[in-house]
Amino acid sequence: IKRYEKEKQVLLRVRQLTVQEMGLVGSQEAFDVLLQIANTDTDSTLRATAVRAMGRTEFLQFGAEALVALTACEQTPMVEAAIASLYGMQYPELEGVLHDLCESEQPKVAGQAVAYLSYLGTEKALQTVHELLKHPTASVRYRAYKGLRSLESGPPLNAMVAAATDENRS
């Protein structure tokens, strides 16, 4: 039994490496195969690996909408992988997707969305992250706090700090 489990893990690792290399191809055909793996493979780890492999700018034109659709999945690792891939492919409407995902009932998904909003660093994104400091779930609040702390400075952060200071004076 131990040998079987060990060989099963080796096979999974080989499959993961193959999927990752397929992502490097960057073609429509490679994307279609990755999407098929993401939607149908029996191993959840391999499905998430396939979604992460889709996060290349070469896939943006023909793959972004499929990744946006995966953000509605109920499997948290799949959603997290889709968020990372949309960020990696530089999806121009990512901020809107992330704002929607901040409302997720899955704390890990909401937390991931908060983290990526802080990476984007736009004023609107940072305002949302600031508002999520009051989220009912502690892990989401922590991700918001951590996201804001990771920023060194800049106009959006300075404006938020000034607004928070004014808010506390009232």
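Student: Which residues have the most contacts inside the largest nonpolar core?

Tutor: Leu 34, Val 51 and Leu 67, in a core of 45 residues. A nonpolar core is a set of buried Ala, Val, Leu, Ile, Met, Phe, Trp, Tyr and Cys residues joined through side-chain atoms within 4.5 Å. This is a predicted model: local features need pLDDT of at least 70, side-chain atom pairs pLDDT 80 or more, while totals for chains, interfaces and linings use all residues. Numbering runs from 1 along each chain, and side-chain values use heavy atoms, without hydrogens or water.

Student: What makes Ser 118 count as buried?

Tutor: Its relative accessibility is 4%. Buried means under 20% (exposed is over 50%, partly exposed in between; 1.4 Å probe, protein chains only). So Ser 118 is buried.

Student: Where is Ser 118 found?

Tutor: In helix H7, residues 107-120. Leaving aside neighbours within four places in sequence, Ser 118 is in contact (heavy atoms within 4.5 Å) with Leu 126, Val 129, Gly 147 and Leu 151.

Student: How do the axes of H7 and helix H9 cross, and at what angle?

Tutor: At roughly 10°, coming within 9 Å; H9 spans residues 138-149. Angles under 35 degrees count as roughly parallel (over 145 roughly antiparallel, 65 to 115 roughly perpendicular, the rest oblique). Therefore H7 is roughly parallel to H9.

Student: Which residues meet there?

Tutor: Among them, Ala 115 and Ser 118 in H7 meet residues of H9 including Ala 144 and Gly 147. The contact divides into six nonpolar, five polar and one charged. Gly counts as polar, Ala as nonpolar and Arg as charged.

Key: Helix = DSSP H or I, 4+ residues; strand = E, 2+ residues; numbered from the N terminus. Axes fitted to C-alpha atoms, helices over the stretch in contact; angles between N-to-C directions.
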